[in-house]
Amino acid sequence: MSETITLEVLRYHPETDSEPHFQRYVVPYRDDWVVLDALNHIKDNLDATLSYRWSCHMAVCGSCGMTINGEPKLSCHSFLRDYRGKVVRVEPLDHFPIERDLVIVMDSFMEKLGSVKPWLIPKVEKPLSAGEYLQSPGQMQVFHQYTQCINCLLCYAACPQIGLNEDFVGPAALALAHRYNLDSRDGGRDARAEVVASNEGIWECTFVGACSEVCPKHVDPAAAIQQTKISASVGWLKDLLTPGAHR
Amino acid sequence: MVEFRARAVVIATGGAGRIFPFTTNGAIKTGDGMAMAYRAGVPLKDMEFMQYHPTGLPGTGILITEGSRGEGGILVNKDGYRYLQDYNLGPPDPWPRKKAMELGPRDRLSQAFWHEQQKGRTIKTPHGDVVHLDIRQLGEKLINERLPMVRELALAYVGVDPVHAMIPVRPVVHYTMGGIHTDIDTATPLPALFAAGECACVSINGANRLGSNSLAEIVVFGARAGRAAANFAKTNPKPGLAGKAGEAAQARLRELFGREGGGDSVSSLRKAMNDTMESDAGIYRSEDRLRQTCDTLADLRARYRRMPLQDRSNVFNTDLVQALELGCMLDVASALAQSALQRKESRGSHQRLEYTARDDANYLKHSLASYQGDAPPTISYRDVVITKSQPAERVYGGAAT
């Protein structure tokens, strides 16, 4: 008989279940399969009711984040070969309500994401006819790393502070705010400060750094938040010494 | 069900690569927007032109960027031979040079793979036949600097470090060049309906899209669609409630939820569709095989109309979503197969084994597939608008330089 591997998957259906439970599935073991392949095997061959999100299968779309053997991971980038001989426990991401099975309710994140105004707010608006807002490769390099976020929410699942205070704006949204603040074409720092430098913003972060450890795209949100703390402090100090001058 | 009333609608739902089993497209690329427009009476244009990208990773279909050849990567067969020189793309030297060998167009490179496979000169793997993409000569520094994602993907998904070893690759379905028939302002023949992006066919791609023209689809025609739809909305009244059409949509869903028994499932029908598209409507096509595909698709569409859901619940029901997507794919696939069957020539990505030449006298035309309900679509033709760039012979390799 060819080799198999067992998945222990969290199941929860709000119409019929009072609480979540685990269901075991035995699937073929393949060296080049990721956990998502195993879930798709289950969905296609064993149990069509199993519910989860996915699309790209190459760590780009950010929709298949799950808790795999206790760690927040992209299921399309978690290889069965790393769990060989073990049971693979698959749960939804921590710190979010479960909609069904492995599907989380992500409305709170979508709201936080919008609240930091993650778009270019030009210093001076100019008409289309005045041409592009130019930027050198060097100026782009300053924030490039922070553009790599795929909103997979692994960092929210890993962040202990989100667990303590669900209103904390959180790593991905704050890193994205930082990305725009660093952009040479942008003048929106003050507009973002209202949320970014609020009680639920950067100051809520205790610099555990779990967000950066689990980030599949090496965005390093922890660094973004610490840098934002510094620039917010400098801004505050400038305001104190020369009121109104730096705006 | 929620009813949205809109003065204008823009469809921007992407391509339909998932009709095929081996594709770079994400799971959501099931042609839903195309099917919606098609069923509403808008023709699907030039659907027979499906672009294969020559370098996908076996198994997953993950795309290995053209940049790897742009930087100097080469393609070799099982004997280590740069086989592209046998297909009017050589000679190999001097290298690199434009329009030659590995810098040839996507359709020709994918077709060359097919010929190598016929000759038994590809490499067998558990995930099908491959050739080798060799970028070792670029060196570790350049690979890390210019192609970091290629190294990362190859390491993770096929266990190959391209600094030291060759990457197994094979042609992979990449882009739906046909789509919802629109004019240059992204308007469809149906008033208030606009389409932009891969789902649309504004006809900038012809029979063989050039790399990165998807950006033009987004940036240029996305903007045009936004403006055109806004203009339309400003000058037209808000429509009334859908009424009967809304009730009919609801009745269709109820009927789907109420079906019992039957041996077919989403995954079994989808696999049958994938198999026939791959084997009979892929890189090279023939009359017999295309007829077979059309018959198979007709049978699958009939079985789909009786297929029961396995999940009848009301919360995040992905079995339902996949069932609806499958219905879209089957409709779009039949438009593709019929369009391919009736184009009796070879042009770009559409290659017919019994009609090997391009036939401008008869087929310098767009095909239009019109939905006919349960019956297969009808195909009609429309003249190509030619302005500055006149049709000419496509020349590559030594002859091009």
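These legends describe close-up views of a predicted model.

**View 1. The contact between chain B and chain A.**
On chain B, 25 residues are in contact with 28 residues of chain A. The area buried between the two chains is about 2,100 Å², and carbon and sulfur atoms give 53% of that area. Tyr157(B), Val315(B) and Phe316(B) supply 30% of the area that chain B buries against chain A, more than any other three residues.

**View 2**
The elements of chain B that give two or more residues to the side touching chain A are helix H5 (148–158), helix H8 (266–280) and H10. Of the residues on that side, the largest share, five residues, comes from H5(B). The number of salt bridges between the two chains is two. One of them joins Asp311(B) to Arg100(A), with the closest N and O atoms 2.7 Å apart.

**View 2. Arg81(A) and its surroundings.**
Arg81(A) lies in the loop between strand S4 (71–74) and strand S5 (88–91) of chain A. Its relative accessible area is 33%, so Arg81(A) is partly exposed. Leaving aside neighbours within four places in sequence, Arg81(A) is in contact with Tyr29(A), Asp31(A) and Asp32(A), and also with Leu155(B) and Ala156(B) of the other chain. The side chain of Arg81(A) reaches the backbone oxygen of Asp31(A) at 3.3 Å. Ile202(A) is 121 residues from Arg81(A) in sequence, and their C-alpha atoms are 38 Å apart in space.

**View 3. Helix H6 of chain B.**
Helix H6 covers residues 213–235 of chain B, 23 residues in total. From the first C-alpha to the last the helix reaches 32 Å, close to the 33 Å expected at 1.5 Å a residue. H6(B) has a kink of about 30°, centred on Phe221(B). Phe221(B) is also buried, as are Glu217(B), Ala225(B), Ala228(B) and Ala229(B) in this helix. The cover over the buried residues of H6(B) includes strand S1 (9–11), strand S7 (167–176) and strand S9 (193–195) of chain B.

**View 4. Arg343(B) in its loop.**
Arg343(B) is found between helix H10 (318–342) and strand S12 (351–352) of chain B, in the loop that links them. With a relative accessible area of 0%, Arg343(B) is buried. The side chains of Arg343(B) and Glu345(B) make a polar contact at 2.7 Å.

**View 5. The salt bridge between Glu66(B) and Arg106(B).**
The side chains of Glu66(B) and Arg106(B) meet in a salt bridge of 2.6 Å, N to O. The pair links distant parts of the chain, 40 residues apart: Glu66(B) is in the loop between strand S3 (50–56) and helix H2 (67–70), and Arg106(B) is in helix H3 (residues 106–118). Glu66(B) counts as partly exposed at 24% relative accessibility, whereas Arg106(B) is buried at 9%.

**View 6. The salt bridge between Arg170(B) and Glu278(B).**
Arg170(B) forms a salt bridge with Glu278(B), and the closest N and O atoms are 3.2 Å apart. This pair also links distant parts of the chain, with Arg170(B) in strand S7 and Glu278(B) in helix H8, 108 residues apart. Arg170(B) has a relative accessible area of 15% and is buried. Glu278(B) has a relative accessible area of 29% and is partly exposed.

Asp374(B) and Arg305(B) meet through their side chains in a salt bridge of 3.4 Å, N to O. Asp374(B) is in the loop between strand S13 (365–372) and strand S14 (375–383), while Arg305(B) is in the loop between helix H9 (287–304) and H10, 69 residues apart. Asp374(B) is exposed, with a relative accessible area of 53%, and Arg305(B) is partly exposed, at 33%. Elsewhere in chain B, salt bridges that share partners join Glu48(B), Arg343(B), Glu345(B), Arg347(B), Arg358(B) and Asp360(B) into one network.

How values were computed: Residues numbered from 1 in each chain as written. Chains lettered and ligands numbered in written order. Predicted model: local features only at pLDDT ≥ 70, side-chain atom pairs only at ≥ 80, totals over all residues. Heavy atoms only, no water. Helix = DSSP H or I, 4+ residues; strand = E, 2+ residues; numbered from the N terminus. Buried < 20%, exposed > 50% of the residue type's maximum accessible area, 1.4 Å probe, protein only. Polar contact = N/O pair within 3.5 Å; in protein donor to acceptor, adjacent residues only side chain to side chain. Expected span 1.5 Å × (residues − 1). Bend = angle between axes of the 7 residues up to and from the residue. Contact = heavy atoms within 4.5 Å. Buried area = accessible area lost by both parts, 1.4 Å probe. Salt bridge = Lys/Arg side-chain N within 4 Å of Asp/Glu carboxyl O.
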